[in-house]
Amino acid sequence: MFMSSQAFGMHSMFCLKTTCANGGRGGSFLKQRFQTTLTLDHGEREGFQEGFAMNYVKDIPFQDFGEEYAVILVGPPVMMKFTAQECMKYGVTEDHIYVSFERKMSCALGKCGHCKINETYVCLEGPVFPYTKAKGLVD
């Protein structure tokens, strides 16, 4: 699974396979079980690469994962869109890509309508959607 998330102005990209070696818990667990690439748009932080998440897709060995992986993108809509397109350029099929619209949620009950995109309530049907549906959710 490849994941890109935004937190405190940084983007994190994780390449997670479901057929990984067993490891411990915590940070070492993540590093032992999953190939990770962490990125920041600008600035420096230990363990992070500087630049846009989509620029690091080319470094992920998707061809080595077989069919046992998923790409999960979490972050600003423009980053998710272009990173998904970049993944597909490197052979990832749409059915392996998932995106998260969690930033849109407010009440999480479908009452306020804040999260509604077209006829879809993100808080009720998501917030993680397969790319095959998400590409039609124009925000």
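1. A quick word on terms before the tour: buried means under 20% relative accessible area, exposed means over 50%, and partly exposed is in between (1.4 Å probe, protein chains only). By that scale Lys116, at 32% relative accessibility, counts as partly exposed.

2. Keep in mind that this is a predicted model, in which local features need pLDDT of at least 70 and side-chain atom pairs count only at pLDDT 80 or more, while totals for chains, interfaces and linings use all residues. Residues are numbered from 1 along each chain as its sequence is written, and side-chain values use heavy atoms, with hydrogens and water left out.

3. Let's start with the strands. Helices (H or I, at least four residues) and strands (E, at least two) are DSSP runs, numbered from the N terminus. In strand E5 (residues 71-74), Val71 and Leu73 point one way and Ile72 and Val74 the other, and all are buried. E5 and E6 run parallel and are joined by four bridges; strands pair if DSSP finds at least two bridges between them. From E5 the chain passes through helix H2 (residues 77-89) to E6, a right-handed β-α-β crossover. Right-handed here means that, with the strands pointing away from the viewer, the path from the first strand over the helix to the second runs clockwise.

4. Have a look at Ser100, which sits in strand E6 (residues 97-100). Is Ser100 buried or exposed? Its relative accessibility is 4%, so Ser100 counts as buried. Val74 stands opposite Ser100. Beyond neighbours within four places in sequence, Ser100 has contacts (heavy atoms within 4.5 Å) with Leu73, Val74, Met80, Pro127 and Val128.

5. Now the core. A nonpolar core is a set of buried Ala, Val, Leu, Ile, Met, Phe, Trp, Tyr and Cys residues joined through side-chain atoms within 4.5 Å. The largest one has 24 residues, and Phe62, Val71, Ile97, Val99 and Phe101 touch the most other members. H2 gives this core its largest share, four residues.

6. Last, the charged pairs. A salt bridge is a side-chain nitrogen of Lys or Arg within 4 Å of a carboxyl oxygen of Asp or Glu, and the whole structure has four. One of them joins Glu94 and Lys135 (2.9 Å, N to O). That pair links distant parts of the chain, 41 residues apart: Glu94 is in the loop between H2 and E6, Lys135 in the segment after H4. Lys116 also forms a salt bridge, with Glu119, at 3.6 Å between the closest N and O atoms; Glu119 is exposed, with a relative accessible area of 63%.
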